Structure formats: C-alpha cells, structure tokens
Amino acid sequence: MRNVSKLTLAALVLAFGVTTLQAQTNSANITATATVQTPINVVGAQQLNFGNVFPGVNKSVAATDLTNGGRFDVTGQASAPVSVSFTLPATLASGANTMPIDTYTGVHADNAAQTGGVAFNPVSGASPTLSASGELFVWVGARAVPATNQAQGVYTASIIMTVVY
Amino acid sequence: MRRGVWLLAAGMVLGRPAPGQGVMVAPHAVHIDHRVRSGSVLLYNPGTEPVEVTISTLFGYPTTDSTGRIMLHTVDVPDSTMPSALAWLQAFPRRLTVAPLERQTIRLLARPPAALADGEYWVRLVIAAKAGQVPVTGVQDTTAIQIGLTLEVRTIIGVNYRKGPVSTGVGISDLRAQVIGDSLITWSRLERRGNAAYVGMVRATLVDSTGATRAAFQTPLGVYFTLQPRLGTALGGGSLPRGRYWLRYEVVTEREDLDPAVVLPAPAVRDSVQLVVP
C-alpha cells in the first residue's frame, strides 16, 4: 500500500512538474506531503458449497474444508484486533418450502491455507487479530438437513459476517 | 481528513485486487470537527460484480468481556449521559450500488444541537455489502435440490465528532502476563482519561534476565471508557526455558494507519511485570 502510494505520489508530482515547466521558465520546488490511510476490506471470498443434496440425506461441509467451506477475507491494519460476529440462517427457503441448516462451525487463521487456524463457534463469534501483514481469513461450515420428502427447488439464504474494526 | 484523499483513492484503485465480493472502506476511523460538521468515507469495489451497499448508524463503543475479548457494546437508545452522536449525525446516501472497480463517497453530515457541550461524541457507521447471488450449488441433472448461500459482509467503523477542547490519556493497572502453551498472554486494565477516546497502540516486549527480547507484539486499540484486553503472541521458539522474565508494556498514541492530524496526542504510559517460567 505504501509502495503504491509512493509511486502514485511520484506520478502526481511528475505530472505537476511537467505543467510547471510549460507555464514558466523559472523553476521552484515544493514539498508534497500526503497521508495514506489503510482501508479495511471485508469480502465474501468463497461460497459455502454443499454440492449435490438429496432428500433425507444430511449434508455437512466442515469449516476446515478449504474447497467447499464458506470463506470471508479481511484485510486492514496489521495486528489490529477485530470482533467478528455472524447472522446465521436456521433455514434455507425455496418459495414456501424450507430446509433446516444447522451445526455451524468456524475457523479463523492469518493465512489462506488455514495453517495455525483457530476453531470457533460462529454462533458466539470471535475476536481474532489481523496478521502482521494485515490479513485475516474466516471459514464457515454448516449442515443442511433435507427431509425425506424435501420438495424440489433451489433453496437459498444469506450468511452475514459483521466485522467491528 | 481531506489530506491525501486523492492518494487514498489512487492507492485503493491500484492496490492488490481482492477476490470475492465486498467493498473496501477508508478511512477505517472517521473524525469530524465541529467547525466543519462533515466528513466522508470512500468505498471502492475491487470485485467483478456490482455490490449493493446499505449504510446505517448505531451507537456503541469497544469494551471487553470477562475473558478479555474485545467486543462492541451497543446501546439501542443512548440516554443523555452517553456521548452519542447517533441522533444528529447522518450518512448519505443510505443505499447505493458500487460498480466493479468504481468508488463512491459516503457523506457524513452533523446537525448537532445548539447547546452541545464541548467534548467528543461517537457513532458507529455500518457498511453492509451484498454482492449478486452466488452460483447455486448442485448439479442440475443429478439432483433436484440445490442450495445457494449468499455471503454478506458488514463492516462497522467508528466516527468521532469533536467540539471544542478535547483531551485524552490512559492509565494502566492490573498488568499480568503468563505463558500458556506456546503463547505469551497479557492482561491489563486500561482506563481512559480526559474527554475523548484514546486511540493508540499497545506495545509489549518480553525480555529475559540478560535483557534479550524473547517475544514482542504490538496491537492497535481504542479505549473509550475502560478496556481489560487479553492480548498475546506466539512465542517464536515455541516455548520459554525456565527462568524469570520481565514484560514491558507501553501504550502510545502512535498510529500509522490514521491521519496524524486526527490522533489526539497523549503521553506514553508504561508498566512492567515479572513473569516466572517454572
């Protein structure tokens, strides 16, 4: 971020310098100062992927499943503590039909490979710290519980992660 | 606040693109001066899909639970004893769509009561981002039940409104340290002084009997009233040999991530405690 900003600053100063040369023959120097503020970025990076679901067969996706677990990525100030909480649906809906979803699991880590990951209960949330490079990765798993007579359809819901910075 | 906005925007555009859906928010802490009564927050969508954003406000401040976990304490209806700007600080627009690789500005406008006393007043800005529907999982020709779970994100940042003279500071007490497993864990009680939130940084260093540093960490935090944080770090070598160690603990108002113009200066405070590894 800082390197990019320095480059940008240099580009702006260069552009300003060219204009100055065109406008007058005398030259002068100015000092340009700027403060770059670290943004925070929270994204839903990977959907919670249940794959095929069949009536009467429960389907679980573990938070430790790097391929299918839902993943949120947070970037911000290095070593910053954040509070993470979730709004978790109890059911998936397809029109008037519903399907229970439960047994949420969570893992947070400072790397995308989940090395050194810490398990937590998404229902109660977590208070992790961003890594020394300002990164945090959060995975969520859950269990879908289709009934034996589960109606056909596309069942949807939202998982909301709230990050307090 | 205005200083460096262009650079900020350029940096956000040129910065590493993030996968997934959400918006970058900057700055992550907003300070508004009573003489200006307005501020702004920049949103940038680094993704490939439009992101629907909803803006709201609430009153809350960081506190800690019994385990030292930092959490946001919210108050639905703050009374007159609370330094709340919830009733008179508004954000515009409240709903917007940020197109891919585009940025949008959220304006914060304050209409404080005429008799507002000097001091600092707080509100929290909630930025809720929702991308388009995620692909539905399940293979169409092998199952008739498909699931589509949308991931939404909400980012909550602080907005501090200052009128007149404001000051801050912090006091440390009840400093403790312990090695648990392969980690150094510290506890302390941080009590704010003055009439404004203390926005700063904790620095902790563990030294052995020779004065050599065996572990160190630093953590940015804000003390709005009282905080009793549990902070720690992994020990580099995995564990510590038996012996006596000293934890040096200091709290300073140095924040590289914030505009120095809005960080209230205060003297550094320090404490230390002995740690014995049996």
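In which strand of chain B is the place of Asp174(B)? Asp174(B) lies in strand β11 of chain B, residues 168-180; strands (E, at least two residues) and helices (H or I, at least four) are DSSP runs numbered from the N terminus.

## Model and confidence

This is a predicted model, in which local features need pLDDT of at least 70, side-chain atom pairs count only at pLDDT 80 or more, and totals for chains, interfaces and linings use all residues. Residues are numbered from 1 along each chain as its sequence is written, and chains are lettered from A and ligands numbered from 1 in the order in which they are written.

The model has an ipTM of 0.82 and a pTM of 0.83. In chain B the average pLDDT (the predictor's confidence in each residue, from 0 to 100) is 88, and 88% of the residues score at least 70. Strand β8 of chain B (residues 103-110) has the highest confidence in that chain, with a mean of 97, and helix α1 of chain B (residues 5-14) the lowest, with 44. Residues 1-19 of chain B stay under 50, although the model gives this stretch 47 contacts beyond four places in sequence; a contact is a pair of residues whose C-beta atoms, placed from the backbone, lie within 7 Å. Where pLDDT is low, the predicted coordinates should not be read in detail.

## Chain A

Of its 165 residues, 38% are buried. A residue is buried with 20 or more other C-beta atoms within 10 Å of its own, exposed with 12 or fewer, and partly exposed in between, the C-beta atoms being placed from the backbone. Among contacts in chain A between residues at least 6 apart in sequence, 75% join residues at least 24 apart.

## Nonpolar core

The largest nonpolar core contains 95 residues. Such a core is a set of buried Ala, Val, Leu, Ile, Met, Phe, Trp, Tyr and Cys residues joined through C-beta atoms within 7 Å. The residues with the most contacts inside this core are Phe72(A), Val82(A), Val163(A), Val23(B), Leu43(B) and Val159(B). Strand β10 of chain B (residues 145-163) supplies the largest share of the core, 8 residues.

Apart from neighbours within four places in sequence, the contacts of Phe72(A) include Val42(A), Val43(A), Val138(A) and Met161(A), and also Leu151(B) and Val153(B).

## Domains of chain B

Chain B is assigned domain 1 (5-163) and domain 2 (168-277), with bounds from an automatic or database domain assignment. Their contact takes 16 residues from domain 1 of chain B and 14 from domain 2 of chain B. On the domain 1 side, β2 (29-33), β4 (51-64), β9 (119-131) and β10 of chain B each give two or more residues, and β4(B) gives the most, with 4 residues.

By class, that side has 6 nonpolar, 7 polar and 3 charged residues. Ala, Val, Leu, Ile, Met, Phe, Trp, Tyr, Cys and Pro count as nonpolar, Asp, Glu, Lys and Arg as charged, and the others, Gly among them, as polar.

## Backbone geometry

Most residues other than glycine have a negative phi, and most peptide bonds are trans. The bond from Ala26(B) to Pro27(B) is cis, with omega near -5 degrees, and Pro27(B) is in the loop between β1 (21-26) and β2 of chain B. The bond from Phe92(B) to Pro93(B) is also cis, with omega near -10 degrees; Pro93(B) is in the loop between β6 (89-92) and β7 (95-98) of chain B.

Asp174(B) has a positive phi near 55 degrees and counts as exposed because it has 11 C-beta neighbours inside 10 Å. Gln114(A), in the loop between β6 (97-109) and β7 (118-120) of chain A, has a positive phi near 70 degrees. Gln114(A) has 19 C-beta neighbours inside 10 Å and therefore counts as partly exposed.

Methods
Two residues are in contact if their C-beta atoms, placed from the backbone, lie within 7 Å.
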